[in-house]
Amino acid sequence: MSEQRAVMRLEPVLPEKEQARAAQLAEVWKEPPGFIGWFKAIHHTTIGKRFILTAFAFFLAAGLLAGAMRLQLAFPESHLMSPDLYNQIFTMHGSTMMFLFAVPMMFEALSVYLVPLMLGTRQIAFPRLNAYSYYLYLFGGLMLFAFFFVNSGPDRGWFAYVPLSGPDYGPGKRADIWAQLITFTEVSALCVAVEVVVTTFKLRAPGMSLNRIPIFVWGQVVTAFMVIFAMPGVVVASTMLLLDRTCGTQFFNPAVGGDVLLFQHLFWWFGHPEVYIIFIPGTVIVSTVLSTFCRRHMFGYLAVILSLIATGFIAFGLWVHHMFATGIPQMSESFFTAASMMIAIPTGTQIFCWIATITTGKVVLKTPMWWVLGFFFVFIIGGMTGIYVASVPVDLQVHDTYFIVAHFHYVLIGGAVFPLFAAFAYWFPKMTGRMMSEKLGLWSFWLFTIGFNVTFFPMHIVGLRGMPRRVYTYPAGAGWTVLNQIESLGYLFLFAGVAMFLVNVWRSLKRGELAGPNPWQAGGLEWAVPSPPPAYNFLNLPTVNGSEPLWDAAPDQPIVTGLKEDVREVLTTRILDAEPEGRDEMPAPSIWPFLAAVATTALFIGSIFRPIAVSIGAIPLGITLIAWFWPTREESERRRKQDIWQTE
Amino acid sequence: MTCLANFAGLFPGRQTPLRPVGPQALHIEHTLVLVFAITTIVYLIVMAVLTVGVVRARTKEPLPVPLTPDPSTERRASWAVGIALGITTLLLFIMLIDSFRTSHQTAVLAAQPAMKINVYGHMWWWEVEYPMDEEPYRMVRTANEIHIPVGAVVDIHGTSRDVIHSFWAPNIHGKKDLLPGYQNDLTLRVDEPGTWRGQCAEFCGLQHAHMAFDIVAQSRKDFDKWYVQQLTASAEPTTSEAAHGREVFLTHTCVMCHTVRGTSANSHVGPDLTHVASRSMIAAGTLKNNRGNLTGWVANAQSIKPGCRMPPNPMPASDLNDLITYLESLK
């Protein structure tokens, strides 16, 4: 019976009157045309696509840097690269993967594109802020690579510990560039976090009470809250570092009472939740893909949501397990061991619920499902090696060795990149209107999975054989050579797997089968709109009856009417039960977020060189912000009338 | 120590936690093996359940109608998830308690009377001090090579002279960071004579890769002999080449950084060279200490360890030759 309903919604044959409405909505919501229009665009699907493309480009760049490292490490005492270049490359690889790929892709890109569609609304909350956050992120990334190409790439590791990155031991501008990259990406992430929280709490379709919010959106909301609480830690740390370096403050100088461990505490207060900021979106992709390809609602919806929230809380109690070797008292270390092991319980809950979904469902093995199975195989190994790291004594042996490199690549590639490729295969038809090739998809899956394991599994062994991390070379007789060569060989397979994926994208864009609105017969609201979604997303704003709205819809499921369709209006609903509450008008496309981002960029980059740039740069920034928020007469008029209407 | 006999083939060598030669590394290895055993078994079970689940639930239909959950199946699945979670929690507790126990066992050694050694991390070498003698000027100071008596409890007081380093000799104990502004102690004991390698484990800049040290565990007799030898001032040159070499040493930039006790060279920027010829490696575990390597190192250390603090020393070949002869006489 559900299938009938799904089919019914699949091919809406629009009567003439509806077509006229659609045309009007398309006119109202359309992005401005032309070259300048490109910079004015603010619709969440436009910005979301840009986020996805940019983050993927940074993924490829950082992947090439990884190839350079594997080339250097393929031979002992290799002189292919100078230690200076190698240090820049591994720092760039880590910083790019963490700050320019993983967080922007898993959290910002996916949630900006998908969350409003999944909630059944026409636009993300604060769309201009959204455009601003994208440009800020883009400029931050471009700045980093521009400096790298002129031999000023950061070379102090993605963690930039003081005093190595401080004024005494970090000459040049390299560490300042790292510190400002952090500011760029964190401001961008914080903006998106606010948008996601407000969109989810205020713009849901009527009927989508808290217990019917799609798991994907729940995950992104938990992630957004984690971003809001975690990011300030690293922004403070990197700003204090910048102040030490450019203004002569002494926060981290032990000679005058500063403290080198303070930086580590602040950094890991962010750095550990960061892992879950990357991983939680991965898990909710897995939940979403699983329920579609197991043809059932996710088993244990409530347990999974509570696990996500629990993970979000516990993630803030783990940071010291990155610092077990720093000489922190044993009693306090024990608390962090316990917390680190405790986080296995919510993660375990999710894994068991996934397995229950599989065993009680009907499994359809398509490419997204293969990537999810790969996720299980790879990520759980990373989860298991996480226990080694949680245990203080064992961590003291494996910490800062290649064992850790293996561990976190299993966690991050397993927990984020595998689900990400599942997400690409799953939502590609939605974004482009065309299906990806199953055959090429499976090829890239197998090449990537084999390449990944050949590259990273031997790192466990070489780490237990005593090879430390972040070394630009190693002695010939240490028993590390052959394993390193196997790892370098594996990189070729990884490279081929990603290349195959790109070929698949290219071919599918040109010749892929047309997808239609709901090619997977899935239950989420994003599948109720045409593929790719029109500028107004939903012709008829939906109401919701369950956690998989299309599967759970009643035969006569009502739609929302009464919104103005000659202006950009969205429906606001109440936080708990999503009862309709009011209407709100979304801002029009504008060039000012882009210009504000340019002004912010000038301020941030200027502050690397002269502290006074903060004061001077505030002037153009202030001007662009004033222009950004300058109201138009018609809009104010409409808002005034509407306010009167609402209070009557 | 035998519980990992099967691993011995895979983890040979003098820089691995899986060939423990002291009580702490041994305790840690036990925990590591316990965690390895539990996690491996759990992983295999989970993968087996998953594989069987996928194979049994797999359908050839393109995209079947979404299922309406069957209450009795759901209840059974809930029980299974609950039981699996219970077992997970139990196993976590076992590993947690074992981890606490090991932490305790590795700490009890610190309560025993111990021989003190100060270790200072430098970019990129290790300064080692033996403050055993009452009179400070008779303190033994060496570099990158820590001699200790087998079976003796040794207390390493570690700190850094510049950036953060991490002291790690995996066959003996876990690592301990050396932080500027802090002193961290590491108590250890080695029960097997031999030379055990350690390496800096915290990224510390350009030559982090070349910052190793040896811990030489020897019998009490050999250790005392070594110690007494180290206490002496440098040997007087016995040949004219060596005498000329000393003059070269004292008239070149060498004296700006190095100490040779018994001469006017008395700077502590670089390693103490009073008994440099007695050490088996140079440049913090980078090169074997032989004439060829020493010559190359003195002539142009930058080609071997780019970025290190040792400048190139251009000088006539005969001067260099005599200088090396002198250094080699500093037993």
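The predictor's confidence in each residue is expressed as pLDDT, on a scale from 0 to 100. On that scale chain B averages 92, and 96% of its residues score at least 70. The model described here is a predicted one, and for the complex the predictor gives an ipTM of 0.95 together with a pTM of 0.95.

Chain A brings 77 residues to the contact, and chain B brings 73 residues. On the side of chain A that touches chain B, at least two residues each come from helix 1 (2-10), helix 5 (83-119), helix 9 (260-293), helix 11 (330-342), helix 12 (344-359), helix 13 (367-390), helix 14 (392-398) and helix 16 (438-464) of chain A. Helix 12 of chain A gives the most to this side, with 10 residues. Sorted by class, the side of chain A that touches chain B holds 43 nonpolar, 25 polar and nine charged residues.

Attention now turns to helix packing inside chain A. Two packed helices are described by the angle between their axes and the distance between the axes. For helix 5 and helix 9 of chain A, the angle is about 45° and the axes are 9 Å apart. Helix 5 of chain A passes helix 9 of chain A in a left-handed crossing. From helix 5 of chain A, the contact draws on A:M98, A:A102, A:V103, A:M106, A:F107 and A:L110, while helix 9 of chain A supplies A:E274, A:I277, A:I278, A:P281 and A:G282. By class, this contact of helix 5 with helix 9 of chain A has nine nonpolar, one polar and one charged residues.

A second pair in chain A is formed by helix 8 (residues 215-246) and helix 10 (residues 301-314), whose axes come within 9 Å and cross at roughly 15°. Angles under 35 degrees count as roughly parallel, and helix 8 and helix 10 of chain A are therefore roughly parallel to each other. Helix 8 of chain A passes helix 10 of chain A in a right-handed crossing. On the helix 8 side of chain A, the residues involved are A:I215, A:W218, A:G219, A:V222, A:F225 and A:M226; they meet A:Y301, A:V304, A:I305, A:L308, A:I309 and A:G312 in helix 10 of chain A. The class count for the contact of helix 8 with helix 10 of chain A is 10 nonpolar, two polar and no charged residues.

Two loop residues, one in each chain, complete the picture. In chain A, A:P167 sits in the loop between helix 6 (127-149) and helix 7 (174-202). Leaving out residues up to four places away in sequence, A:P167 touches A:D244 and A:R245. The C-alpha atoms of A:P167 and A:Q250 are separated by 9.6 Å, although these residues are 83 residues apart along the chain.

In chain B, B:A277 lies in the loop between helix 5 (254-257) and strand 11 (281-282). With 16 C-beta neighbours inside 10 Å, B:A277 also counts as partly exposed. Apart from neighbours within four places in sequence, B:A277 is in contact with B:L327, B:E328, B:S329, B:L330 and B:K331. Of these, B:L330 is 53 residues from B:A277 along the chain, with 5.1 Å between their C-alpha atoms.

Notes:
Residues are numbered from 1 along each chain as its sequence is written. Chains are lettered from A and ligands numbered from 1 in the order in which they are written. This is a predicted model: local features need pLDDT of at least 70, side-chain atom pairs count only at pLDDT 80 or more; totals for chains, interfaces and linings use all residues. Helices (H or I, at least four residues) and strands (E, at least two) are DSSP runs, numbered from the N terminus. Two residues are in contact if their C-beta atoms, placed from the backbone, lie within 7 Å. Axes are lines fitted to C-alpha atoms, for helices over the stretch in contact, and angles run from 0 to 180 degrees between N-to-C directions. Angles under 35 degrees count as roughly parallel, over 145 as roughly antiparallel, 65 to 115 as roughly perpendicular and the rest as oblique. A crossing is left-handed if the near helix is turned anticlockwise from the far one by less than a right angle, and right-handed if clockwise. Ala, Val, Leu, Ile, Met, Phe, Trp, Tyr, Cys and Pro count as nonpolar, Asp, Glu, Lys and Arg as charged, and the others, Gly among them, as polar. A residue is buried if 20 or more other C-beta atoms lie within 10 Å of its own, exposed if 12 or fewer, and partly exposed in between; C-beta atoms are placed from the backbone.
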